[in-house]
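Hi,

Here is the structure I promised to pass on.

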Amino acid sequence: MSSKKDNPLLNWQERPPFDQISTDHVVPGVEAMLAESETSLEQLENSNPESWDALVPPLESIIDKLSRTWNVVSHLNSVKNSPELRKAYEKVQPQIVTFSNRLSQSRPVYDAFCRLGDSDEWDSFSPAQQRIIEKSIEGAMLSGVGLDGEAKERFNGISERLAQLQTAFSNNVLDSTKAFKLVIENKAELDGMPESFMQMAAQAASKNGHEGATAADGPWMITLDTPSYMPVMKNCTNRSLREKLYRAYVTRASVGHHSNETYAEEILALKQEKAQLLGYKNHAEMSLKTKMAGTVDAVDKLLSDLKSAATPFGTKDLEEI
């Protein structure tokens with residue numbers, strides 16, 4: 001395997017070199033960046049930072065370097081998914097979660113932010129700096145910095161399991177999307193579709209066993225991928241076709257081999273348990289801690305008000321339709 005210096009996942013500047021990245025780069029690249037991040041974090045913790053400059057820029061550097069590597073891998077896993085890439089992604093993802101917990105639960109870093117928040121220099125900080133300090137302290141608490149022993153171990157275990165479940169959930173949606181292929185042989189069913197779409201749909205059919213497919217004579221293949229799905233929903237006059245595609249799209253990964261039902265149930269249960277470990281009644285209450293709405297009651301009231309205001313207009317629209 002190439003050295004860290006030659007790994008295109010590392011040390012890029014303006015734009016990721018996607019054309020140079022292969023699956024073989026993922027594990028060594030991510031693990032190298034994790035090792036570097038761990039060393040940098042230990043140095044930051046041991047320095048006992050007492051000022052903004054000693055704390056925030058080094059911390060941002062750690063986060064930025066790791067994010068630049070991991071975000072590229074995550075993006076590729078979403079848009080160029082393959083069995084090999086999934087395997088590499090799933091191998092390093094637990095390591096990413098472990099380090100993320102380690103970083104967000106760092107007591108030296110948390111204590112340093114608290115010292116900045118309580119320091120005599122508080123008024124000299126800009127509003128943006130004050131906001132960063134406050135949100136960093138709040139974020140650490142929501143990440144379990146105040147937990148110890150079995151509670152902390154369970155919290156971190158839940159974080160890792162949630163990452164696994166969310167990846168599996170996304171993979172199922174992707175697999176379900178790829179599995180749907182609708183071949184149209186009657187051109188009249190695609191009334192309203194532009195020539196560019198007809199060409200694309202014919203090419204899709206040709207690549208999937210319908211040799212000789214043409215934009216003029218078909219057959220044409222429609223999938224649930226956005227470039228195929230959205231033009232039909234926007235332009236096709238065939239209402240039954242739009243309905244069929246819509247129902248297939250909104251029920252992806254809901255039944256059969258790619259069903260996400262059990263994943264969704266476990267995700268909800270784990271999020272509830274995670275919130276309770278931090279002292280919240282439920283996940284919604286914990287989530288709103290960082291949002292403008294503030295409380296669950298406030299969200300419920302807003303939704304109720306919106307429903308009351310919108311229902312008469314919705315009823316009128318339905319009658320007109």
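Which residues in helix 2 and helix 4 meet each other? On the helix 2 side they are W52, L55, V56 and L59, and on the helix 4 side V109, A112, F113 and L116. By class, that contact has eight nonpolar residues, with no polar and no charged ones. Before you read too much into any of this, keep in mind that the model is predicted.

As for the geometry of that pair, helix 2 covers residues 52–79 and helix 4 covers residues 107–118. Their axes are 10 Å apart, at an angle of about 135°. Angles over 145° would count as roughly antiparallel, so helix 2 and helix 4 are oblique to each other. The crossing of the two is left-handed.

Helix 1 and helix 3 make another pair to look at. Their axes cross at roughly 5° and come within 10 Å. Angles under 35° count as roughly parallel, and helix 1 and helix 3 are therefore roughly parallel to each other. From helix 1, the contact takes in V26, V27, V30, E31, L34, S37, E38, L41, E42 and E45. Helix 3 brings L85, A88, K91, V92, Q95, I96, F99, R102 and L103.

The largest pocket has a volume of about 920 Å³. It is lined by 34 residues, and those closest to its centre are S100, N101, S104, G139 and S143. Several helices supply at least two lining residues each, among them helix 2, helix 3 (83–104), helix 4 and helix 5 (127–142). Sorted by class, the lining has 19 nonpolar, twelve polar and three charged residues.

Two backbone details to finish with. G218 and P219 are joined by a cis peptide bond, with omega at about -5°. P219 lies in the loop between helix 7 (195–207) and strand 2 (220–223). The other one is N11, a residue other than glycine with a positive phi, near 65°. N11 sits in the segment before helix 1 (26–46).

Cheers

Technical notes. Residues numbered from 1 in each chain as written. Predicted model: local features only at pLDDT ≥ 70, side-chain atom pairs only at ≥ 80, totals over all residues. Heavy atoms only, no water. Axes fitted to C-alpha atoms, helices over the stretch in contact; angles between N-to-C directions. Helix = DSSP H or I, 4+ residues; strand = E, 2+ residues; numbered from the N terminus. Parallel < 35°, antiparallel > 145°, perpendicular 65-115°, else oblique. Left-handed = near helix turned anticlockwise from the far one by under 90°. Contact = heavy atoms within 4.5 Å. Nonpolar A, V, L, I, M, F, W, Y, C, P; charged D, E, K, R; others polar. 1 Å grid on protein atoms, 1.4 Å probe; cavity = no way out; pocket = protein on both sides within 12 Å on 5 of 7 lines; lining within 4 Å. Points joined across faces, edges and corners; volume = space filled by probe spheres on them.
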